[in-house]
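Biologist: Please take a single part of this model and go through it closely. I would like its packing, its contacts and its place in the whole.

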Amino acid sequence: MLLDELRKAIEDMEEIRDLEQDSQDSQKQNRIDKLYVTEVDDNHKIVSAIENSRKFAAFIPSPELKNEILRLLRDLQKCTESGLAQEYRLKIVQNGKKNIKYGFETEWSVFYKGLTDKKLHTLTTIKEITQDKEKTGYTINKIRNAAVVSYENDNRVRLLAEGLVETDSIFAQLGLEKESEIMVFLDKVADGKATLLDLTDTVAKWIEEKNLTEKFFVRCGV
């Protein structure tokens, strides 16, 4: 009788232990599933950020970056091949995501610099002689804020596109056509390559008329 009761107690304890293990396994799987959902959401944000950069600013990701994105998509699919999200595959996905973000942000930084450096320099230089200095300030901020990638929405890159259009309009209002002597000079100033040979009579007259003499520094030499 005592032996039967002992055996029953052991069976009950094993059943409770199995239930506890099932509960732990279930909690662990729930945590993994939540991580998987987060990774899918993050991947969507990254792809959207790259697409918005292409749509609004004509950014073109490198072939290497495109391949990284495709690899990440395949890895996400593999996570649930067994029917449940797998933790070890999620770690592969997380590493892939880090690589893509680093690659995109690095490529965007180079692209952004080439797209905006000269325009920002010139716009800042001529800000005080524009028709609406406050609006010009807003335009400058629209462009500057896009230097850092945003994965939450398209506001920064969309405003960058607006800022660039506004910049061209401001230049046109001041008679700064793209290939004009003055614009060529301003581009060289932005690059730090302007010399006295670039300071033509037309450019010198424009600088004097706009009271911008103190804004420029040119070096001697060819």
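Modeller: Start with α3 and α6, which are roughly perpendicular to each other (65 to 115 degrees; under 35 is roughly parallel, over 145 roughly antiparallel, the rest oblique). Their axes cross at roughly 105 degrees and come within 9 Å. Axes here are lines fitted to C-alpha atoms, for helices over the stretch in contact, with angles from 0 to 180 degrees between N-to-C directions. Helices are DSSP runs of H or I with at least four residues, strands are E runs of at least two, and both are numbered from the N terminus.

From α3, the contact (heavy atoms within 4.5 Å) uses K118, H121 and T122. From α6 come L186, D187, V189, A190 and D191. By class, that is three nonpolar, two polar and three charged residues. Ala, Val, Leu, Ile, Met, Phe, Trp, Tyr, Cys and Pro count as nonpolar, Asp, Glu, Lys and Arg as charged, and the others, Gly among them, as polar.

A caution on the source: this is a predicted model, where local features need pLDDT of at least 70 and side-chain atom pairs pLDDT 80 or more, while totals for chains, interfaces and linings use all residues. Numbering runs from 1 along each chain as its sequence is written, and side-chain values use heavy atoms, without hydrogens or water.

Stay on α3. T116 sits in this helix. T116 counts as buried because its relative accessibility is 1% (buried is under 20%, exposed over 50%, partly exposed in between, with a 1.4 Å probe and protein chains only). Setting aside residues up to four places away in sequence, T116 touches I143, L160 and L164.

L160 also belongs to the largest nonpolar core, which has 44 residues. Such a core is a set of buried Ala, Val, Leu, Ile, Met, Phe, Trp, Tyr and Cys residues joined through side-chain atoms within 4.5 Å. F104, W108, I126, L160, L176 and W206 touch the most other members. At least two core residues come from each of α1 (2-57), α2 (63-78), α3 (87-126), α4 (133-144), α5 (155-173), α6 (181-191) and α7 (201-209). The largest share, nine residues, is from α3.

F104 reaches well along the chain. Beyond neighbours within four places in sequence, F104 contacts A49, I50, S53, F59, L65, V149 and Y151.

Now the whole. The protein has seven helices and zero strands. Of its 222 residues, 32% count as buried. Among contacts between residues at least 6 apart in sequence, 67% join residues at least 24 apart.
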